[in-house]
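Hello,

Here is the structure I promised to pass on. Please open it first; my notes follow below.

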Amino acid sequence: MTIFLVDVDGVCADFTGAAISMIRKCPGYENFENVDGSWHFIPEDTVLTKHLWGNLDARSLKPFEGDQEAIARLQERGRVLFVTAPAPRWTWMPERVEWLTQRYNVSAKDVIFAHGAEKQFVYGDYLIEDNAGNLDLWLQHWGLGEGYLIDRSYNRKFNVGMRKSSLLEAVEDICDKMG
Ligand SMILES: [Mg+2]
(Lines give C-alpha, C1' and ligand atoms only; values in the text may rest on other atoms or scores of the structure.)
Protein backbone atom coordinates (compact mmCIF):
# COMPACT_ATOMS: atom_id res chain seq x y z
CA MET A 1 0.00 0.00 0.00
CA THR A 2 1.26 3.44 -0.88
CA ILE A 3 1.81 5.68 2.11
CA PHE A 4 1.40 9.43 1.65
CA LEU A 5 2.84 11.60 4.41
CA VAL A 6 1.32 15.06 4.45
CA ASP A 7 2.58 17.94 6.56
CA VAL A 8 -0.12 20.27 7.91
CA ASP A 9 1.23 23.78 8.63
CA GLY A 10 2.05 25.53 5.38
CA VAL A 11 0.64 22.64 3.33
CA CYS A 12 -3.00 22.11 4.41
CA ALA A 13 -3.40 24.99 6.87
CA ASP A 14 -2.19 28.58 6.80
CA PHE A 15 -0.12 28.63 9.98
CA THR A 16 1.82 31.75 9.00
CA GLY A 17 -1.32 33.80 8.36
CA ALA A 18 -2.89 32.77 11.66
CA ALA A 19 0.31 33.35 13.62
CA ILE A 20 0.83 36.82 12.14
CA SER A 21 -2.78 37.80 12.96
CA MET A 22 -2.29 36.61 16.53
CA ILE A 23 1.07 38.41 16.88
CA ARG A 24 -0.65 41.65 15.82
CA LYS A 25 -3.04 41.30 18.75
CA CYS A 26 -0.11 41.54 21.16
CA PRO A 27 0.52 45.10 22.47
CA GLY A 28 3.52 46.57 20.68
CA TYR A 29 3.19 44.29 17.65
CA GLU A 30 0.07 45.78 16.03
CA ASN A 31 1.90 46.49 12.76
CA PHE A 32 3.99 43.33 12.70
CA GLU A 33 5.06 42.09 9.27
CA ASN A 34 7.10 39.08 8.29
CA VAL A 35 9.29 41.44 6.30
CA ASP A 36 11.80 39.02 4.81
CA GLY A 37 9.28 36.18 4.48
CA SER A 38 11.54 33.98 6.55
CA TRP A 39 10.72 30.73 8.29
CA HIS A 40 11.77 31.98 11.73
CA PHE A 41 9.54 35.02 11.77
CA ILE A 42 8.31 34.91 15.37
CA PRO A 43 10.33 37.47 17.37
CA GLU A 44 12.11 36.15 20.43
CA ASP A 45 10.17 37.94 23.10
CA THR A 46 8.82 36.13 26.14
CA VAL A 47 5.71 38.30 26.39
CA LEU A 48 4.93 37.78 22.73
CA THR A 49 5.49 34.02 22.67
CA LYS A 50 3.37 33.63 25.81
CA HIS A 51 0.59 35.62 24.11
CA LEU A 52 0.93 33.71 20.85
CA TRP A 53 0.96 30.18 22.24
CA GLY A 54 -1.58 31.01 24.90
CA ASN A 55 -4.08 32.11 22.26
CA LEU A 56 -3.32 30.47 18.92
CA ASP A 57 -5.83 27.63 18.73
CA ALA A 58 -4.86 25.08 16.05
CA ARG A 59 -8.55 24.80 15.11
CA SER A 60 -8.60 28.47 14.03
CA LEU A 61 -6.22 28.01 11.08
CA LYS A 62 -7.63 28.57 7.61
CA PRO A 63 -7.20 25.75 5.11
CA PHE A 64 -5.57 26.35 1.73
CA GLU A 65 -7.78 26.06 -1.32
CA GLY A 66 -8.27 22.61 -2.79
CA ASP A 67 -7.07 20.79 0.33
CA GLN A 68 -10.11 18.53 0.75
CA GLU A 69 -10.07 17.46 -2.88
CA ALA A 70 -6.34 16.77 -2.67
CA ILE A 71 -6.61 14.58 0.44
CA ALA A 72 -9.61 12.69 -0.98
CA ARG A 73 -7.70 11.98 -4.19
CA LEU A 74 -4.73 10.61 -2.26
CA GLN A 75 -7.00 8.44 -0.15
CA GLU A 76 -8.26 6.76 -3.33
CA ARG A 77 -4.69 5.62 -3.95
CA GLY A 78 -3.30 4.75 -0.55
CA ARG A 79 -3.04 5.64 3.11
CA VAL A 80 -2.76 9.29 4.04
CA LEU A 81 -0.95 10.06 7.28
CA PHE A 82 -0.58 13.60 8.55
CA VAL A 83 2.84 14.24 10.05
CA THR A 84 2.76 17.43 12.03
CA ALA A 85 4.78 19.09 14.74
CA PRO A 86 3.54 19.73 18.25
CA ALA A 87 3.70 23.37 19.30
CA PRO A 88 4.63 25.00 22.61
CA ARG A 89 0.96 24.94 23.61
CA TRP A 90 -0.39 22.05 25.66
CA THR A 91 -3.75 21.86 23.85
CA TRP A 92 -2.25 22.10 20.36
CA MET A 93 -2.24 18.37 19.66
CA PRO A 94 -5.91 17.65 20.47
CA GLU A 95 -6.90 20.86 18.65
CA ARG A 96 -4.98 19.73 15.59
CA VAL A 97 -6.55 16.27 15.67
CA GLU A 98 -9.99 17.86 15.88
CA TRP A 99 -9.27 20.17 12.93
CA LEU A 100 -7.96 17.32 10.78
CA THR A 101 -10.69 14.81 11.62
CA GLN A 102 -13.44 17.36 11.02
CA ARG A 103 -11.98 18.57 7.76
CA TYR A 104 -10.91 15.29 6.16
CA ASN A 105 -12.18 11.74 6.25
CA VAL A 106 -9.55 10.60 8.75
CA SER A 107 -9.33 9.45 12.35
CA ALA A 108 -6.92 10.35 15.14
CA LYS A 109 -4.90 7.26 14.13
CA ASP A 110 -3.98 9.02 10.90
CA VAL A 111 -2.19 11.82 12.73
CA ILE A 112 1.47 11.40 13.71
CA PHE A 113 3.12 14.06 15.83
CA ALA A 114 6.80 14.59 15.16
CA HIS A 115 8.98 17.65 15.52
CA GLY A 116 10.43 18.93 12.25
CA ALA A 117 13.72 17.06 12.02
CA GLU A 118 12.18 13.90 13.50
CA LYS A 119 9.83 13.57 10.53
CA GLN A 120 12.74 11.80 8.86
CA PHE A 121 12.04 8.79 11.08
CA VAL A 122 8.52 8.36 9.70
CA TYR A 123 8.40 6.05 6.69
CA GLY A 124 6.33 6.80 3.62
CA ASP A 125 6.45 6.60 -0.14
CA TYR A 126 5.81 10.33 -0.46
CA LEU A 127 6.23 13.36 1.76
CA ILE A 128 4.52 16.66 0.97
CA GLU A 129 6.19 19.43 3.00
CA ASP A 130 6.79 23.17 3.05
CA ASN A 131 9.94 23.03 5.18
CA ALA A 132 12.89 22.41 2.88
CA GLY A 133 15.18 21.27 5.71
CA ASN A 134 12.71 18.66 6.94
CA LEU A 135 12.12 17.42 3.42
CA ASP A 136 15.83 17.19 2.73
CA LEU A 137 16.44 15.12 5.87
CA TRP A 138 13.53 12.82 5.04
CA LEU A 139 14.76 12.31 1.46
CA GLN A 140 18.24 11.51 2.70
CA HIS A 141 16.84 8.97 5.15
CA TRP A 142 14.39 7.31 2.74
CA GLY A 143 16.29 7.52 -0.51
CA LEU A 144 13.53 5.96 -2.61
CA GLY A 145 10.77 8.22 -1.33
CA GLU A 146 9.43 11.09 -3.39
CA GLY A 147 9.43 14.54 -1.85
CA TYR A 148 7.23 17.47 -2.78
CA LEU A 149 7.99 20.98 -1.58
CA ILE A 150 5.04 23.37 -1.45
CA ASP A 151 6.22 26.75 -2.71
CA ARG A 152 6.30 29.38 0.06
CA SER A 153 8.21 32.64 0.47
CA TYR A 154 10.41 31.10 3.16
CA ASN A 155 11.60 28.13 1.10
CA ARG A 156 12.37 29.80 -2.27
CA LYS A 157 16.14 29.70 -1.82
CA PHE A 158 16.18 25.92 -1.40
CA ASN A 159 16.27 23.37 -4.15
CA VAL A 160 14.94 20.15 -2.72
CA GLY A 161 12.18 17.83 -3.88
CA MET A 162 9.63 18.75 -6.52
CA ARG A 163 8.35 22.27 -6.07
CA LYS A 164 4.60 22.74 -6.48
CA SER A 165 2.48 25.78 -5.79
CA SER A 166 -0.14 23.94 -3.74
CA LEU A 167 -1.04 20.62 -2.16
CA LEU A 168 -3.56 20.01 -4.92
CA GLU A 169 -0.94 20.61 -7.59
CA ALA A 170 1.42 18.16 -5.88
CA VAL A 171 -1.37 15.58 -5.66
CA GLU A 172 -2.25 16.01 -9.34
CA ASP A 173 1.38 15.32 -10.21
CA ILE A 174 1.44 12.22 -7.99
CA CYS A 175 -1.80 10.92 -9.51
CA ASP A 176 -0.51 11.48 -13.05
CA LYS A 177 2.63 9.51 -12.25
CA MET A 178 0.76 6.68 -10.54
CA GLY A 179 -1.57 6.44 -13.55
MG1 LIG B 1 4.91 22.73 7.57
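Which residues in α3 meet which residues in α6? From α3 they are Asp67, Glu69, Ala70, Arg73 and Leu74. From α6 they are Leu167, Leu168, Val171 and Cys175. By type, this contact of α3 with α6 divides into six nonpolar residues, three charged and no polar. Keep in mind that the model is predicted.

Now the geometry of that pair. Helix α3 covers residues 67-75, and helix α6 covers residues 167-178. Their axes lie 8 Å apart, and the packing angle is about 25°. Angles under 35 degrees count as roughly parallel, so α3 is roughly parallel to α6. The crossing of α3 past α6 is left-handed.

One more residue in α3 is worth a look: Gln75. The cut-offs are 20 or more for buried and 12 or fewer for exposed. Beyond its neighbours within four places in sequence, Gln75 is in contact with Val80 and Asn105. Phe4 is 71 residues away from Gln75 along the chain, yet their C-alpha atoms are separated by 8.7 Å.

Helix α1 (residues 15-23) and helix α2 (residues 46-55) cross at roughly 125°. Their axes come within 9 Å. That angle makes α1 oblique to α2. Here α1 passes α2 in a right-handed crossing. On the α1 side, the contact is made by Ala19, Met22 and Ile23. On the α2 side, Leu48, Leu52 and Asn55 make it. The residues of this contact divide into five nonpolar, one polar and no charged.

Last, helix α5, which spans residues 132-141. Which of its residues are buried? Ala132, Asn134, Leu135 and Trp138 are. Seen down the axis of α5, these buried residues fall within an arc of 160°, so they line one face of the helix. As background, an α-helix has 3.6 residues a turn, so residues three or four places apart point the same way. What covers the buried residues of α5? The cover includes β4 (126-129) and β5 (146-150).

Over to you.

Best wishes

Conventions: Residues numbered from 1 in each chain as written. Predicted model: local features only at pLDDT ≥ 70, side-chain atom pairs only at ≥ 80, totals over all residues. Axes fitted to C-alpha atoms, helices over the stretch in contact; angles between N-to-C directions. Helix = DSSP H or I, 4+ residues; strand = E, 2+ residues; numbered from the N terminus. Parallel < 35°, antiparallel > 145°, perpendicular 65-115°, else oblique. Left-handed = near helix turned anticlockwise from the far one by under 90°. Contact = placed C-beta atoms within 7 Å. Nonpolar A, V, L, I, M, F, W, Y, C, P; charged D, E, K, R; others polar. Buried ≥ 20, exposed ≤ 12 C-beta atoms within 10 Å, placed from the backbone. Arc of directions from axis to C-beta.
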